[in-house]
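Hi,

Here is the structure I promised to pass on.

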Amino acid sequence: VVALLRLTVQGGALTASLLFGLIGMAPAGVIMALAGEAMRAERRAIGMGAFFTIYYAIMTLVPPAVGPIFDHAGTARAPILFGGVPVCGGRPGSDAVRISPHP
């Protein structure tokens with residue numbers, strides 16, 4: 001979130017890129033690997049298929065969706081803030097749909 005907000009400051013692109021790359025993306029591999037560990041072995045193939053289908057669908061649909069936001073606003077600040085909203089809502093959303101584990 002800090003890296004995204006830093007992009008809205010004049011001359012902050014290098015700092016934002018370093019923050020995002022070195023700190024923000026460091027746990028990405030672990031997060032992707034843990035998705036498979038969260039499922040039982042007999043359901044892992046279907047679960048990972050659904051996980052990656054949703055992940056890549058979002059990655060495909062969002063860039064064309066923020067293009068008009070950029071065109072309308074005339075500045076890069078609007079699409080950057082649009083991208084930060086789901087990041088900020090990740091933890092509360094996760095807590096809202098959390099399902100208690102079965103013994």
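This is a predicted model: local features need pLDDT of at least 70, side-chain atom pairs count only at pLDDT 80 or more; totals for chains, interfaces and linings use all residues.

Start with helix H3 (residues 28–37) and its packing against H4: the two helices meet at an angle of about 145°, and their axes are 9 Å apart. On the H3 side, the contact is made by Met32, Ala35 and Gly36. H4 brings Arg44, Met48, Phe51, Phe52 and Tyr55 to the contact. By type, the residues of this contact split into six nonpolar, one polar and one charged.

The protein chain has an average pLDDT of 78, and 84% of the residues score at least 70. Which elements come out lowest and highest in mean pLDDT? Helix H1 (residues 2–6) is the lowest at 68, while helix H4 (residues 44–73) is the highest at 88.

Now for the rings. Searching the whole structure turns up four aromatic pairs. One of them joins phenylalanine 51 and tyrosine 55, and this pair is stacked, with 6.5 Å centre to centre and 15° between the planes. Why are these two about one helical turn apart? Because they sit four residues apart in helix H4. Are they buried, partly exposed or exposed? Phenylalanine 51 is partly exposed because its relative accessible area is 29%, and tyrosine 55 is partly exposed too, with 31%.

Another pair is phenylalanine 52 with tyrosine 56, also stacked: here the figures are 6.2 Å centre to centre and 20° between the planes. Both residues belong to helix H4, where they are four residues apart, about one turn of the helix. Phenylalanine 52 has a relative accessibility of 29%, so it counts as partly exposed. Tyrosine 56 is partly exposed as well, at 48% relative accessible area. Put together, ring pairs link Phe51, Phe52, Tyr55 and Tyr56 into a cluster. Of these, Phe51, Phe52 and Tyr55 also turn up in the contact of H4 with H3.

Two other spots on H4 may be worth a click. Valine 62 is found in helix H4 and is partly exposed, with a relative accessible area of 36%. Its C-alpha atom is separated by 8.9 Å from the C-alpha atom of glycine 83, a residue 21 positions away along the chain. Alanine 65 is found in helix H4 too, and it is partly exposed, with a relative accessible area of 42%. Between the C-alpha atoms of alanine 65 and proline 79 there are 9.3 Å, and the two residues are 14 apart along the chain.

Finally, the overall picture. How many helices and strands does the protein chain have? There are five helices and zero strands, and reading along the sequence gives the pattern α-α-α-α-α. Of the 103 residues in the protein chain, 11% count as buried. The protein chain exposes about 8000 Å², with carbon and sulfur atoms supplying 71% of that area. As for contacts in the protein chain with a separation of 6 or more, 25% are between residues 24 or more positions apart.

Cheers

Note on methods. Residues are numbered from 1 along each chain as its sequence is written. Side-chain values use heavy atoms; hydrogens and water are left out. pLDDT is the predictor's confidence in each residue, from 0 to 100. Rings of Phe, Tyr and Trp (its six-membered ring) pair if their centres lie within 6.5 Å; planes under 30 degrees apart count as stacked, over 60 as edge-to-face and the rest as tilted. Buried means under 20% relative accessible area, exposed over 50%, partly exposed in between (1.4 Å probe, protein chains only). Contact means heavy atoms within 4.5 Å. Accessible areas come from the Shrake-Rupley method with a 1.4 Å probe; for residues, only the protein chains shown count as cover. Axes are lines fitted to C-alpha atoms, for helices over the stretch in contact, and angles run from 0 to 180 degrees between N-to-C directions. Ala, Val, Leu, Ile, Met, Phe, Trp, Tyr, Cys and Pro count as nonpolar, Asp, Glu, Lys and Arg as charged, and the others, Gly among them, as polar.
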